[in-house]
Amino acid sequence: MKKKKWPETWRTINPGCMVLDAGNARTYLTGSWKAERPEWDDSKCIKCGICYIFCPEGCVTENEDGLFRADLDYCKGCGICAHECWPGAINMVEEG
Amino acid sequence: MAKRVGMEVGIAAAEAVGMCNIDMAAVYPITPQSHIAEHLSEIVADGRIDAEFVLVESEHSSISCISGASGTGARVYTATSSQGLLYMHEILPIVSAMRLPVVMANANRAISGPINIWNDHSDIMPQRDAGWIVFFADNGQEVVDMTIQSFKIAEHKDVMLPVCLNMDGFQLTHTVELIEFPDQKKVDKFLPPRKPFATLHPDNPVSMGTLGMPEIYAEARKAQDMALINSKQYILQIWDEWEKMFGRRYNPVETYRADDAEILMLTMGSMGETAEIAVDQLREKGMSVGLVKLRLWRPFPFEELKAAVKNAKLLIVTDRAVSFGGSGGPVYIEVKAGLYHEKVRPLIYNYIIGLGGRDVPVPSFVEIFEEAAQAAEKGVVKDYEYYGVRG
């Protein structure tokens, strides 16, 4: 299927907003409306992974150094990671 | 050859559905629609058509059920009335937004309260903005013809919208009329099997009814609005095709002795036929009156309405529902707004008539015409009034 430019115009949108190909959730970036985003202070991080476990979106992943980051294309800014991070390594920062 | 038979209109509506090669129907019975539900279930149970008739526990389920089936590519049907239609309300805008073709008959009945099973249009008016194509039939023949047309219109590849065909409860649904049933072979030719845009099937997965975030929601709504507005051209095409095959002409705005009329009345549904008799009587007395009958309620036929009323001095809009605390009945509000930008436009009066089965016989239409004509002559400017209400 021809790749469309996002966001689409009213003329190019599929009838009824139907999605005509499978396995498309990855291409639908749903994190645009967050008011705050998490920022990690790696100096405080003990690499316990509690942020990774608690993220309801599954958008927190571990990198090669064992540190954690949220994929901001999907993060809704709920702040659960910051709330659960008992060493206080995550700060919620207002979106600019 | 087409057969002419005397038949109750509700039964005839079900018979017409039986000619449309439907795949499934889910109908919850409610007065005065019940005869449609019962007779269609008989047609299926007797094996006359190869279709599923799904027993559902409510109207919320019947509309949901047929919409899901429509998503699989099936040709589907339901029918309802009054509180049943109101119970469907949550689902109605979803069906149109998902661009699912379905056909639904609505046997117009008053909504509660007080509880009332008789005819008016207060059930369909709250569904005005649900994004459906909405038709009104005047008589039994139109119910049969428009039922068949509705499937073709709903399923047209550039329409893909649900259609609601309104027929007045009791006045139409329970009246025996002489109806010409079209030849089945011709109907099959007019209405070939549905060719869906996309179908829910595991071999080729698609998603319907998806999330639309703030970046796309407004575009989706405009696309839907344009789809409904653009559907009119295909409705007109399909009506042309119907006329060529079956000889009967359908128009978004029908007129009766209206061309040279100074005073026009606008009606929707079966009361138009009664008003025609009043027009004939007043014409005999030399009064320049005529009738405008709105067949297409959504998308609203603004151009056709403007053309029909452009020479009139007075337009009497009749409403069969109340918009509480508004500036008039729903039809009046629409008509008045539609004519606002016209440089020359008639004086417009609004009579709310025939609520909850209150009969409006020919002499009442004559009285409305005469009363309105006298007021218009004095240049009285007025908004809506309830006709024949005591007190």
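The model is predicted, so local features need pLDDT of at least 70 and side-chain atom pairs count only at pLDDT 80 or more, while totals for chains, interfaces and linings use all residues. Residues are numbered from 1 along each chain as its sequence is written, and chains are lettered from A and ligands numbered from 1 in the order in which they are written.

Me: How many residues does each chain give to the contact, and what makes two residues count as in contact?
Reply: Two residues are in contact if their C-beta atoms, placed from the backbone, lie within 7 Å. Chain B gives 21 residues and chain A gives 15 residues. On the side of chain B, the largest share is eight residues from helix H8 (residues 214–246). Helices here are DSSP runs of H or I with at least four residues, strands are runs of E with at least two, and both are numbered from the N terminus.

Me: What is the make-up of the side of chain B that touches chain A?
Reply: It divides into 14 nonpolar, three polar and four charged residues. Ala, Val, Leu, Ile, Met, Phe, Trp, Tyr, Cys and Pro count as nonpolar, Asp, Glu, Lys and Arg as charged, and the others, Gly among them, as polar.

Me: Why is strand S1 (residues 3–8) of chain B said to lie largely in the open?
Reply: A residue is buried if 20 or more other C-beta atoms, placed from the backbone, lie within 10 Å of its own, exposed if 12 or fewer, and partly exposed in between. Of the six residues of S1(B), the number buried is zero, so the strand lies largely in the open.

Me: Why is B:Thr274 called partly exposed?
Reply: B:Thr274 has 17 C-beta neighbours inside 10 Å, and therefore counts as partly exposed. B:Thr274 is found in helix H9 (residues 271–284) of chain B. Leaving out residues up to four places away in sequence, B:Thr274 touches B:Val360, B:Pro361, B:Val362 and B:Phe365.

Me: How do you know that S1(B) pairs with strand S8 (residues 176–181) of chain B?
Reply: Two strands pair if DSSP finds at least two bridges between them. S1(B) and S8(B) have six bridges, in the antiparallel sense. In one of them, B:Arg4 has B:Glu180 as its partner.

Me: Why are helices H1 (residues 9–18) and H6 (residues 140–155) of chain B called roughly parallel?
Reply: Angles run from 0 to 180 degrees between N-to-C directions, with axes fitted to C-alpha atoms, for helices over the stretch in contact. Angles under 35 degrees count as roughly parallel, over 145 as roughly antiparallel, 65 to 115 as roughly perpendicular and the rest as oblique. H1(B) and H6(B) pack at about 20 degrees, with their axes 9 Å apart, and are therefore roughly parallel to each other. The residues of this contact divide into eight nonpolar, two polar and no charged.
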